[in-house]
Amino acid sequence: MKTGPGQQTIIVIGNGMVGYKFCEKLVKKTKSFNLIVFGEEPRRAYDRVHLSEYFNGKTADDLSLSAENWYEENSITLYLSDPVQEINLAEKKVHSRNGISLNYDYLVLATGSGAFVPNIPGIEKEGVFVYRTIEDLEMMKAHAAKSKNGAVMGGGLLGLEAAKALLDLGIQETHVVEFAPRLMPRQIDSAGSNLLQTKLKELGLNVHLNKNTSEIAGGHKIESLKFNDETELKIDMLVISAGIRPRDELAKLAGLQTGTRGGIMVNEKMQTSNEFVYAIGECALYDNMIYGLVAPGYEMAEVALNQILAGEKAFYGFDMSTKLKLIGVDVASFGDNFITEPDCRTIVFEDTHKGVYKRINISNDGKYLLGGILIGDADAYNMLLQTVNNKLVLPPNPEDLILGARGGEASEGAGVMSLPDTALICSCEAVLKSAICDAVNLEGVTSVDGIKKCTKAGTGCGGCVPLIKDLVVGTMKENGVYIKNVICEHFDYSRQELLDLIKLHKIKTYDHALDLLGRGDGCEVCKPAVASILSGAWNDLIIKQDTIQDSNDRFLANIQKGGTYSVVPRIAGGEISPDALIVIGQVAKKYNLYTKITGGQRIDLFGAHLNDLPDIWEELMDAGMESGHAYGKSLRTVKSCVGSTWCRFGVHDSVSFAIQIENRYKGIRSPHKLKSGVSGCVRECAEAQAKDFGIIATEKGWNLYVCGNGGSKPQHAQLLASDIDSETCIKYLDRFLMFYIKTADPLTRTATWLNKMDGGMSYLKNVIINDSLGIAQQLEEEIQHLMSTYHCEWSEVVNDPQLRKKFTHFVNAPEEKDPTVAFEPLRDQVRAKEW
Amino acid sequence: METEVSTIINWFLACATNDVPENGGACVKYRDEQIAIFNFSRRKEWYATQNLCPHKQQMVLSRGMIGSTGDAMEPKVACPFHKKTFSLITGECLNAEECAIKTYPVKVQDGRVYIGVE
Ligand code: SRM
Ligand SMILES: Cc1cc2nc3c(=O)[nH]c(=O)nc-3n(C[C@H](O)[C@H](O)[C@H](O)COP(=O)(O)OP(=O)(O)OC[C@H]3O[C@@H](n4cnc5c(N)ncnc54)[C@H](O)[C@@H]3O)c2cc1C
Ligand code: SF4
Ligand code: FES
C-alpha cells in the first residue's frame with residue numbers, strides 16, 4: 001500500500017454487500033484515497049440476497065460480488081478473517097484482531113447485522129442454526145443430510161426463505177413456527193396471511209401461528225420444540241429466523257451513540273455521533289429505523305460517499321416495498337401496505353380457489369395509490385410500486401389495477417412510458433428511468449443485457465428486469481424505430497408478413513420463398529418457420545420438403561436421447577378400445593419399446609429405431625390407428641373427462657365432444673403446438689382451463705376458454721364465450737384457431753400470443769365474436785380448407801416406398817440400424833442409456 | 001466441396017448423389033465410423049463431417065438442418081438435439097461452446113459421391 005503525500009485514508013469495517021458497494025462507488029468516482037477494508041468473514045463480499053441459491057447449485061464463487069483480483073486492481077487493501085476489535089476515536093485509529101493498527105481520516109462502519117437469537121433454554125444445542133452466511137449454510141447442509149424433521153422459528157420474509165431452503169435440502173417434514181398471529185407480519189395483513197398459509201401447505205410447509213417457544217428440548221442434540229401452550233413439535237433441526245440484530249458492539253465500545261434496541265445512530269448524512277465516522281447498511285439506525293434490505297443500504301453508501309467528497313446528498317428514509325422470491329408463491333407488499341379506512345379507501349380482491357389475494361389502498365379522493373399487498377399473483381408489483389412512488393394519478397376505476405383480465409392489456413407498455421424521468425426503476429443500483437432511456441437513445445442499446453452492462457440496472461435483485469424490457473421497447477418505439485420482428489438474418493419479415501406474401505405469390509416451396517423474399521441459404525430458424533407457414537397456407541404433405549423441417553417433423557417422430565424415436569398414435573379424447581390397447585402392447589413388445597401413459601391422456605412408445613418407424617406404423621395402422629402428431633407444431637390432444645355418460649355430476653357428454661373436436665382439428669399445422677380439454681362440469685377434471693382452448697359444460701351449453709398454457713410459465717385460459725351451443729362453440733373455435741395460425745410469431749403459444757396482443761382479450765373477443773375485422777367468414781373458409789385436406793402423414797409414408805427409404809440410418813447400408821443406440825434395463829422395460 | 005487435398009490417399013465411395021436429400025444430409029458407414037454427408041444443392045456443394053455431435057455425444061449430425069450464416073455465408077449444420085451449429089468447412093462450433101468436429105473432403109463424379117479418408 002502506497003500512501004501518497006497528503007493522501008487521505010478511508011477505512012471500511014465490514015466487507016458485506018453494503019461495504020463492498022461503498023468501495024465500488026468510491027473507486028469509480030476517485031482513486032485519490034487510500035482505501036482499506038477489514039472483513040470478518042473469510043471470503044470477499046458476496047451476494048447475501050441470493051444466499052439460498054447456494055442450495056440450488058450456486059457456488060460461493062458464483063455468489064461473489066467481485067472478481068478475485070478486483071481489490072488489487074483498484075489498489076484497495078483488503079484484510080479478510082480479521083475483524084476490527086477496537087476503535088480509538090480520539091486518535092482516529094483502529095486495531096484488528098490480527099494486531100494491525102491503522103490511522104484513518106474517515107471511518108465507515110458497514111458491519112451489517114447478525115441473526116437475532118432469542119434467549120430460550122436449549123438454544124445452544126446441536127442442530128440449531130441461523131441463516132446469514134455461507135458458513136451457516138455449509139453447516140446446515142451437513143446436518144440436513146441426517147435430519148428428517150425441521151422447523152424454522154420465525155415466519156417473516158427470511159424465515160420463509162429459510163423454510164424453502166429446508167425443503168430444498170430434502171427435509172421430509174418442514175414446519176414454520178411464528179409467534180405472531182400471522183405470517184410475514186411486517187408485510188401482509190391477516191387475510192393475506194391466511195391465503196399464504198394455504199398456499200404454503202400445498203408446497204409442503206406446515207405453519208404454526210401464535211406459538212411461543214418455551215424450550216428447545218433434547219439431550220446434546222435438539223429433539224423437540226416445547227411451546228407455552230403445552231404442545232410440542234418433534235424436530236431434529238431448527239433454523240432461527242426471529243429477526244436481525246444490528247452489529248453495533250464495536251461502535252458501542254468506542255463510545256458512539258447507539259439505539260436502545262440496537263443500531264448505530266446516524267443523521268441524514270450517515271454520520272454517527274463522531275463526525276469522522278459514518279455508518280451504513282444494516283448496522284445503521286436512521287430515524288429510529290433499521291433498514292434490513294440492500295437497496296436502502298446502497299443508497300446509504302452513496303450518501304456517505306457523497307458526504308466524504310464534500311457533496312450535499314442526504315438520506316431521507318427509503319421505500320421498504322418487497323417481493324418475496326424463491327418460495328413458489330408470489331408475495332409482495334409496497335408503499336403504505338397497512339393503512340386502513342378511514343385514512344384511505346381499500347379495495348380487496350380475493351379468489352381463494354385460485355389462491356390470489358390482492359389489496360390496494362387508495363387515497364380518499366381516489367386519486368393516488370398509497371400501497372398494497374399482493375399474494376398469489378404479483379405480476380403487477382413493479383407497475384403498482386411505480387404508481388405509488390411517482391404519485392401517478394389513478395385511472396377512474398382503480399380496481400382495474402388488480403382485477404380483470406391481466407391478459408395482454410396494452411396499458412403495460414404505455415404505463416411504463418408514462419412514468420416521469422426521475423422514476424427509480426432499479427432500486428438496488430439506483431438507476432432512474434432517464435438513465436435507461438438515455439442508454440437507448442444515446443448509446444444505441446437495444447436489449448436488457450445491454451442495459452445491464454451500460455447502467456448496472458437489473459443486476460441486483462433482478463426484480464426490475466421486466467420493467468427495463470418494457471422501457472427499452474417503449475423508448476425504441478417512441479423514437480419511431482419500428483421494432484420489427486424479423487424471422488432471422490435470411491428474411492426481413494415477421495411471420496405474419498411472410499405468410500401474407502407466401503399466399504399472395506402462391507409460393508409452395510421453401511426454395512422459392514428464399515429466392516423471392518429472402519437471401520443467403522437459410523438456416524435452422526427460418527426453415528421450420530417457413531415450413532410451418534407453408535403448411536398453414538397449403539397443407540401439403542410436410543415430408544415432401546423434409547429437410548426444412550425440424551428434426552421431429554422431418555422423421556414424423558420425436559427424437560430421443562440416444563437417437564431413437566417415439567411413437568404416439570392418436571387416441572382422440574383419451575378414449576381407447578381394448579382391441580387397440582392390445583395391438584399397442586403387441587407392437588411395443590415386438591419392437592422392444594418402452595411404454596408410458598403420457599400427461600396428455602395417451603400412450604407413448606419410446607426407443608424406436610429410425611429404420612423400424614415405418615414398420616411400426618404399418619402395424620398400428622392395420623389396426624385402425626393414425627398419427628397423433630406428437631412431433632408436430634399442431635394439435636396434440638383434446639383431453640376429456642368421462643362426463644355425463646358415466647359421471648354422476650356430468651351435465652354433457654364431454655368425451656364425445658372432445659373426440660369430435662380432436663378429429664376436426666387434427667393434423668393442422670400452427671405456429672406452436674395446440675392443446676385442448678373438455679370437462680363435463682365445473683369440477684373441471686379435464687383441466688380445460690390450462691389449455692390453448694378449453695371447453696367446460698354448463699347447464700345451458702358450453703363455456704369456451706382460450707389461451708391457457710401449462711409449461712414453465714403457466715397461465716389460465718380466459719373466458720371467450722359462455723353458455724353457447726356446440727355449433728357456436730365450433731364456429732368460434734374455427735375462427736380463433738385460424739386467426740392464431742395466421743398472426744402468431746413462430747413458436748409462440750396462444751397464451752404468449754394473447755399477452756402480446758394490443759387490446760388483449762377484449763380485442764380478441766371482438767374479432768372472434770363480433771367480427772370487428774370483417775374476416776370471420778374468411779377465417780372459417782381457410783380452416784375449412786385445412787381440415788378438408790387432412791391426411792395422416794404416416795399412412796402416406798407407409799404406402800410410398802420412396803418415402804419409406806428416408807427412414808434409414810446408413811444410406812450405404814440401409815438394412816443396418818444405428819449400432820451406437822444403447823438401452824439399459826428399467827423395471828420391466830428398457831430406457832435410453834445416460835449421456 | 002471439390003477441394004484437392006494432397007494428403008488424401010483414399011477416396012471412399014459413399015453413395016449415389018440422389019441417395020442424399022437435397023439441401024439435407026444422410027449418414028454413411030465407413031468401417032466402424034459414421035460420417036455425415038451433406039448435399040448442399042442450393043450451392044451445388046457437398047460436405048462431410050463426423051456424425052457424432054460433441055455436445056452430448058449423439059450420432060445425429062446427419063439429421064441436422066443445414067444453412068449458412070453471416071456475410072461470408074459460412075455453410076453450417078445445426079444439430080437436431082440442441083441446435084448447436086458447426087461450420088461445414090472448418091468444423092468449428094459457431095456457438096463457440098463445443099469443440100470442433102472433424103470434416104472430410106468430398107468429390108462427386110458421374111453421380112457418385114466419394115469421401116476422402118486418410
Ligand atoms: C410425452 C410427454 C410427457 C409424458 O411422459 O407424459 C411430453 C413429452 C415431451 N414434451 Fe411435453 N410432454 C407431454 C405433455 C405435456 C404437457 C401436459 C399436457 O399436455 O397436458 C405439458 C404442459 C401443457 C402445455 O403444453 O401447456 C407439456 C409441456 C411441454 C413444453 C412447454 C410448452 C410451453 O408452452 O411452455 C415443451 C417444450 C416446447 O414445446 O417447446 C414440451 C416438449 C416436450 C418434448 C416434445 C420435448 C422434445 O422436443 O423432445 C417431449 C418429448 C416427447 C417424446 O419424446 O415423445 N412439453 N408437455 C407428454 C405427451 C402428451 C401427449 O400425449 O402428447
Ligand atoms: C437469506 C437472506 C435473504 C435476503 N434476502 C433479501 C432480499 O430479497 N432483498 C433485500 O433487499 N435484502 C435481503 N436480505 C438482506 C440483505 O442481505 C442485507 O440487507 C445486506 O446484506 C446488508 O448489507 P450490509 O453490508 O449492511 O451487511 P452484511 O452483508 O451483513 O455485511 C456486514 C459484514 O460485516 C462484517 N463485520 C461485522 N463486524 C465486523 C468487524 N468488527 N470487523 C470486520 N467485519 C465485520 C460481517 O461479518 C459481514 O461480513 C437477505 C438476507 C439474508 C440473510
Ligand atoms: S417435462 Fe421436460 S423432461 Fe419431462 S417430458 Fe417434458 S420436456 Fe421432457
Ligand atoms: S447433442 Fe448436439 S447439440 Fe446437444
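## Salt bridges between the chains

A salt bridge is here a side-chain nitrogen of Lys or Arg within 4 Å of a carboxyl oxygen of Asp or Glu, and by that rule the count between chain A and chain B is 7. The model is predicted, so local features need pLDDT of at least 70 and side-chain atom pairs count only at pLDDT 80 or more, while totals for chains, interfaces and linings use all residues. Residues are numbered from 1 along each chain as its sequence is written, chains are lettered from A in the order in which they are written, and side-chain values use heavy atoms, with hydrogens and water left out.

One of the salt bridges joins B:R43 to A:D521, whose closest N and O atoms are 2.6 Å apart. Side chains of opposite charge can pair when their charged atoms come close.

## The interface of chain A and chain B

Taking contact as heavy atoms within 4.5 Å, 37 residues of chain A touch 39 residues of chain B. The buried area, which is the accessible area (1.4 Å probe) that two parts lose on being put together, summed over both, comes to about 2900 Å² for this pair of chains, and carbon and sulfur atoms give 49% of that area.

Across the interface there are 23 residue pairs in polar contact, both residues being at pLDDT 80 or more; a polar contact is a pair of N or O atoms within 3.5 Å, where within protein one must be able to donate a hydrogen and the other to accept it, and residues adjacent in sequence count only if both atoms are side-chain atoms. On the side of chain A that touches chain B, the elements giving two or more residues are α15 (510-517), α16 (526-538) and α17 (551-554) of chain A, and α15(A) gives the most, with 3 residues. Helices (H or I, at least four residues) and strands (E, at least two) are DSSP runs, numbered from the N terminus.

## A sheet in chain B

Chain B holds an open sheet of 3 strands in the order β7-β8-β9, with antiparallel pairing, where two strands pair if DSSP finds at least two bridges between them. Because β7 (65-69) and β9 (85-87) of chain B stand at the edges with a single partner strand each, one side of each is left without a neighbour in the sheet.

Strand β8 (residues 74-78) of chain B is joined to β9(B) by 3 bridges, and B:V77 stands opposite B:F86 in β9(B).

## A salt bridge within chain A

Over all chains, the whole structure has 48 salt bridges. Among them is the pair of A:R247 and A:E40, with the closest N and O atoms 2.9 Å apart. A:R247 lies in the loop between β17 (244-246) and α7 (249-254) of chain A, and A:E40 in the loop between β2 (34-38) and α2 (60-63) of chain A, so the pair ties together parts that are 207 residues apart in sequence.
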